[in-house]
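Could you walk me through how to read a few features of a protein model? I'd like the general idea each time, and then the case at hand.

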Amino acid sequence: MEMSMKSRNRTLYIWSKIFFLSMIIDPIFILYACESGLNATQLFTLSSVQTLTIVLLEIPTGVIADLYGCKTSIILGSLAFILANIIYVTQPGFWGFLIAEILSGLYKVLFSGSDETYLYLELRRCNKENEYAKISGRIDSINFALTGALSILTGYMYLLDRRLPFLVCLIFTTISLFCSFNLENLKENAHGQKSVGQTYSAYLQVIKNGTKSILTQKKLAWFIMYSSALSFLLVAILSTYQLYFLKLYIPPEYFGWIYFFLYIASSLSSQKAYAFKTKNMQKTFMLLLLLLTVTPILMLSNIKLLIMIIIIPRIIIGVYPALIKEYINKEIKESRATIFSIRSLFMRIIQIVLLPLTGCIIDQYNLNISYLFIAGIGILSYVILKRYRPSRPRRHRSG
C-alpha cells in the first residue's frame, strides 16, 4: 500500500512537470509586447528587472523550500507564473508587464532547484535515486516535445487572437498546479532546520570563502569572466529574434515554426555536447565566443537566406552549459555550490547593466546599431579574455 502511494506521488509529480509548458508563449512574446505599446528600451529594462528580482530573491526563496518543503515552493512558483500570465493578458501596458516580470522572476527562483530536488527526494525514499538522470531526462524530453508541437501552433493562434497563446499556456499550467496540490510535501531534512537568520549568516560566510577561492585561482576567475560575457551575448541576441523576423518581413504565423526548429537544434546539440571536448578547452570556449560575436554582424543583412545563422546561439545553448560546468568543477577545491552561485550573480549583474542600454540603442537608433553594439561587446570580451587567458603548463622535453 505504501509503495503504491509513493508510485502515485511520483506519477503526479511527472504530470505536473510535463504540463508546465512555460515556453509556448516565447515565439510571440516580444511581438505581443511591441503591439501592446512597449518599446525596445522598456522591453530590455523589463528583462533586467526580472534578472534583478532573481538576484534579490534567490536566498529567501531557498529558505522557503528548506523550511516549508519543496511542494510549497513548487505551488507558490506555479501560482506566480499563472498570475503573471493573467496580468500579461489583462494589463498589457508597461506597468502591467513590470509586475508580471517581477512575478516571472519570483516563479523562476521558487522553482530553482526545488522541482529537481523533489524528484531526487522522491526517488531516494524508494531507493531509486540512481534512476534520477534517466527519469529527469525522460520528463524533459516529453515536455520539450509538447512545447515544440504547440510552438508550431503559437503563431497561428496569435493571428486568431493575440491573447490565445497565453490562455492555452494558462490551461496547461493550471493542470500542472492541480497535480502539484496533490503531492506529498517532501523536505531534505525534516529536523534541525536553520532559521532564516542562521541561513543568511551561513550563506555570507560561504560567499566570503567562495570569493577568496575565485580571487586566488586565475583559471576559475577566467571561467567566471567568460561565462558573464557569453551569457550577455546569448540573452541580448535571443531577445532580438522577433524584431529580426519583423525586419525580414516574416509573417507572425511562421514564428512558431522557426522556434520549433531552434528548440530541436538546442536539444540535439545538448545530446552531443561532449563531442566538442578537446585537449585545450579554453581554445574551444574562445571559438564559441567568436562564433557568437559574428552572429549579430551577420544579422545586419536583410538577406532572408542568412536567417539560418540564428541557429548558432541555440546550438551554443545546447553545448556550452554542460562543458563549462564540467571544467569549472575541475578547478573548484571547496565551496562548490557557492562558487556557482557567485558565477550566476556575476552573469546577472552584467545583464542588468547592459540589457537596458541595448534596448535604448534600438529605440534611439535602430536594430542594426544594437547588433554592432552587441558585437562590440563580444569583440572587447574576446580581446580581454585572450589577453588574460591562463597559460597552459609547458611540457618539458626530456634529454
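Predicted model: local features only at pLDDT ≥ 70, side-chain atom pairs only at ≥ 80, totals over all residues.

Q: How do I read a pair of packed helices, say α4 and α8?
A: Two packed helices are described by the angle between their axes and the distance between the axes. Helix α4 (residues 70-90) and helix α8 (residues 164-181) pack at about 160 degrees, with axes 10 Å apart (axes are lines fitted to C-alpha atoms, for helices over the stretch in contact, and angles run from 0 to 180 degrees between N-to-C directions). α4 and α8 are therefore roughly antiparallel (over 145 degrees; under 35 is roughly parallel, 65 to 115 roughly perpendicular and the rest oblique). Residues making the contact include Ile 74, Ile 82 and Tyr 88 of α4, and Phe 166, Leu 170 and Phe 181 of α8 (contact means heavy atoms within 4.5 Å).

Q: And what about α10 and α13?
A: Helix α10 (residues 218-239) and helix α13 (residues 281-298) pack at about 25 degrees, axes 10 Å apart, so α10 and α13 are roughly parallel. Among the contact residues are Trp 222, Phe 223 and Leu 230 of α10, with Phe 285, Leu 289 and Pro 296 of α13.

Q: How do I read an aromatic pair, such as Tyr 88 and Phe 97?
A: Look at the distance of the ring centres and the angle of the planes. The structure holds 25 aromatic pairs (rings of Phe, Tyr and Trp, its six-membered ring, with centres within 6.5 Å; planes under 30 degrees apart are stacked, over 60 edge-to-face and the rest tilted). Tyr 88 and Phe 97 form a tilted one, 5.1 Å centre to centre and 55 degrees between the planes. Both Tyr 88 and Phe 97 are buried.

Q: Which residues do ring pairs link into a cluster?
A: The cluster takes in Tyr 241, Tyr 244, Phe 245, Phe 255, Tyr 259, Tyr 263 and Tyr 371. Tyr 244 and Phe 245 have ring centres 6.4 Å apart and planes at 50 degrees, so that pair is tilted.

Q: Is Tyr 118 buried or exposed, and what does Tyr 118 touch?
A: Tyr 118 sits in helix α6 (residues 114-124) and is buried, at 0% relative accessible area. Not counting residues up to four places away in sequence, Tyr 118 touches Asn 9, Tyr 13, Cys 70 and Glu 184, among others.

Q: What is the phi of Tyr 249, and where does Tyr 249 sit?
A: Most residues other than glycine have a negative phi. Tyr 249 has a positive phi of about 60 degrees although it is not a glycine. Tyr 249 lies in the loop between α11 (241-247) and α12 (255-271), and at 69% relative accessibility Tyr 249 counts as exposed.

Conventions:
Residues numbered from 1 in each chain as written. Heavy atoms only, no water. Helix = DSSP H or I, 4+ residues; strand = E, 2+ residues; numbered from the N terminus. Buried < 20%, exposed > 50% of the residue type's maximum accessible area, 1.4 Å probe, protein only.
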